[in-house]
Amino acid sequence: MTIFDDITQRGMVLLGCGKMGSAMLAGWLAEGLPATSVHVIDPKPSDWVTGTGVHVNAALPDAPAVALIAVKPQMMGDALPALQGMGGGGTLFISVAAGVTIDAYERVLGATSPIIRAMPNTPAAVGQGITALVGNGASSAAHLDGAEALMQAVGRVVRLETEDQMDAVTGVSGSGPAYVFHLIECLAKAGEAQGLPADMAMDLAKATVAGAGALAMQADETPAQLRVNVTSPNGTTQAGLEVLMAELPDLIARTVAAATDRSKELRDG
Ligand SMILES: NC(=O)C1=CN([C@@H]2O[C@H](COP(=O)(O)OP(=O)(O)OC[C@H]3O[C@@H](n4cnc5c(N)ncnc54)[C@H](OP(=O)(O)O)[C@@H]3O)[C@@H](O)[C@H]2O)C=CC1
Ligand SMILES: O=C(O)[C@@H]1CCC=N1
């Protein structure tokens, strides 16, 4: 039985359905997960969530196949007790919260419950996410396979060797879409400054980032070689890169370090 069959039969509880919960839900519904198998708990569900046909703040199944935790780390203490007592029926707990450790979940849900930490990202909404996974001692290979299948429905999945790696993953791919969106904003603004109409500059910026991303994923060449392929000797790209490469490596290193450090600070509240 696949995890989707199991969810269709026994249900999934989604604790917190804001930006990340909705991104994943959108991806799963697009993949054919029946809305009626999903039970959302959220104090202020969006119109989009209520419009999907999922159960919202209604009675929960006793033993759902999956309970997925997508509240902010700061709300975890208030939110998590809603799932206490679900562990007996073989429910797989998956949390996407930054910083909150497996140990903290075990204290509330029990160390014999299978608990998997996942760090997805919002491109999951269009099936282009990437998620890192790591499980607790009670998570079997089948639990990890189930979590992987669930997250693969909304993108790619990598498995971590140790939970410690989760902070760096959060700094790179969890937060990473925001860095890329800011790059798009900056590229568009720069195009405007060079005389392009705002709409056209934004179209060019978005298509360039999307196209470069797709090429980086599909090409046999490394991103470094793809960069060289754009750069004619003494041409326009070289002139631009001379400015960018003087600043960007250090800036990105500091950006990822700050996000990783913040993930470490969020540990256990
Ligand atoms: N956004 C992202 O790109 C990513 C986020 N994450 C993680 O996902 C989690 C959620 O983040 P994000 O979706 O951005 O945050 P949001 O604030 O958008 O979503 C959290 C949702 O949980 C709701 N909530 C608050 N208290 C409770 C409660 N007691 N019970 C149930 N629901 C509650 C919030 O309602 P209200 O707004 O009314 O408080 C909100 O709708 C975080 O832990 C974050 O670290 C992980 C990867 C990427
Ligand atoms: O900003 C945050 O804390 C969350 C975790 C990764 C992306 N968003």
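Is K72 buried, exposed or partly exposed? I counted 15 other C-beta atoms within 10 Å of K72, so K72 is partly exposed, where buried stands for 20 or more such atoms, exposed for 12 or fewer, and partly exposed for what lies in between, with C-beta atoms placed from the backbone. I noted that this is a predicted model, in which local features need pLDDT of at least 70 and side-chain atom pairs count only at pLDDT 80 or more, while totals for chains, interfaces and linings use all residues. Residues are numbered from 1 along each chain as its sequence is written, and chains are lettered from A and ligands numbered from 1 in the order in which they are written.

I placed K72 in the loop between β4 (66-69) and α4 (76-79), with helices (H or I, at least four residues) and strands (E, at least two) taken as DSSP runs numbered from the N terminus. I then looked up the UniProt annotation "binding site" from an unreviewed entry, which covers L15, G16, C17, G18, K19, M20, A70, V71, K72 and P73; such annotations may be inferred rather than shown by experiment. These residues span 59 residues in sequence, yet no two of their C-alpha atoms are more than 13.9 Å apart, so they gather at one spot.

Leaving aside neighbours within four places in sequence, I listed the contacts of L15 (C-beta atoms within 7 Å), among them I41, A70, V71 and L83.

Note on methods. Two residues are in contact if their C-beta atoms, placed from the backbone, lie within 7 Å.
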